[in-house]
Amino acid sequence: KTNTTSTTNVSICPSQLPYNWNGSRTTAGTYTYTTTNSQGCDSVATLNLTVKTNTTSTTNVSICPSQLPYSWNGSRTAAGTYTYTTTNSQGCDSLATLNLTVKTNTTSTTNVSICPSQLPYSWNGSRTAAGTYTYTTTNSQGCDSVATLNLTVKTNTTSTTNVSICPSQLPYSW
């Protein structure tokens, strides 16, 4: 009579735990189970259990509003945390996370009233008439900074006074 042996090699993903083999197996390892074979001798079964790994990745991205929508496993239209699950090279879960930050644009408005004699007015160039002017530059976050000038040109006024006097009223004070 002879003893018998058998070896089983199994590789599973973490999501397949616990693995049921002559009991519940919750971790990777080598397990043996001894029973009696058909000849009444020992039968030793061995399980070599390998637990493959899931993978994770995190990407942190900061963008300006003009870069929306942001393309990452779909179209992302706002700041937030997004996850995407796929399968890695081992056939297990691969969880990717995107932390998307949307920086801010800045704006400013300046209202100026001047007399015609103050033209041209210097503001991001020479301004020769009343109007609304905009100037776009980059703010400290690298996004748009839009400055607006509302320029008003006041009007000069004139008046004419007609006076008739006699020579005896000279000098005339006006």
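Keep in mind that the model is predicted.

**The disulfides**

Let's start with the cysteines. How many disulfides are there? The count comes to two. If you number the bonded cysteines along the chain, the pattern of the links is 1-3, 2-4.

Take the pair Cys-13 and Cys-92, whose sulfur atoms sit 2.1 Å apart. The limit for calling two cysteine sulfurs a disulfide is 2.5 Å, so this pair qualifies with its 2.1 Å. The angle about its S-S bond is -95°, and the link of Cys-13 and Cys-92 is left-handed. This link ties together distant parts of the chain: Cys-13 is in the loop between β1 (4-12) and β2 (19-20), while Cys-92 is in the loop between β9 (80-87) and β10 (93-102), 79 residues apart.

The other link joins Cys-64 to Cys-143, again with an S to S distance of 2.1 Å. Which hand does the disulfide of Cys-64 and Cys-143 have? It is left-handed, because the torsion about the S-S bond is about -95°. Here, too, distant parts of the chain are linked: Cys-64 lies in the loop between β6 (55-63) and β7 (70-71), and Cys-143 lies in the loop between β14 (131-138) and β15 (144-153), 79 residues apart.

A residue counts as buried under 20% relative accessible area and as exposed over 50%, with partly exposed in between.

| Cysteine | Relative accessible area | Class |
|---|---|---|
| Cys-13 | 8% | buried |
| Cys-92 | 2% | buried |
| Cys-64 | 7% | buried |
| Cys-143 | 1% | buried |
| Cys-115 | 32% | partly exposed |
| Cys-166 | 46% | partly exposed |

Why is Cys-143 called buried? Its relative accessibility is 1%, and the cut-off for buried is under 20%. Cys-166, on the other hand, has 46% and so is partly exposed.

**A nonpolar patch**

Now for the surface. Val-163, Ile-165, Leu-170, Tyr-172 and Trp-174 make up a nonpolar patch there, and together they have about 590 Å² of accessible area.

**A sheet of three strands**

Next up is an open sheet with three strands in the order β6-β10-β9, and its pairing is mixed. Which strands stand at the edges? They are β6 and β9: each has a single partner strand, so one side of each has no neighbour in the sheet. From one strand to the next, the twist averages 15°.

β6 and β10 run parallel and are joined by nine bridges. Along this pair, Ser-62 stands opposite Thr-101 in β10, and Asn-60 stands opposite Asn-99 in β10. By contrast, β9 and β10 pair in the antiparallel sense, over eight bridges. Which residue in β10 is the bridge partner of Gly-80? That is Leu-100.

β9 and β10 also form a hairpin with five residues between the strands, and in this hairpin Gly-91 takes a positive phi near 85°.

Definitions and conventions
Residues are numbered from 1 along each chain as its sequence is written. This is a predicted model: local features need pLDDT of at least 70, side-chain atom pairs count only at pLDDT 80 or more; totals for chains, interfaces and linings use all residues. Side-chain values use heavy atoms; hydrogens and water are left out. Helices (H or I, at least four residues) and strands (E, at least two) are DSSP runs, numbered from the N terminus. Buried means under 20% relative accessible area, exposed over 50%, partly exposed in between (1.4 Å probe, protein chains only). Patches are made of residues with over 30% relative accessible area and no salt bridge: like charges are joined within 9 Å, nonpolar side chains (Val, Leu, Ile, Met, Phe, Trp, Tyr) within 5 Å. Accessible areas come from the Shrake-Rupley method with a 1.4 Å probe; for residues, only the protein chains shown count as cover. A salt bridge is a side-chain nitrogen of Lys or Arg within 4 Å of a carboxyl oxygen of Asp or Glu. Two strands pair if DSSP finds at least two bridges between them. Axes are lines fitted to C-alpha atoms, for helices over the stretch in contact, and angles run from 0 to 180 degrees between N-to-C directions.
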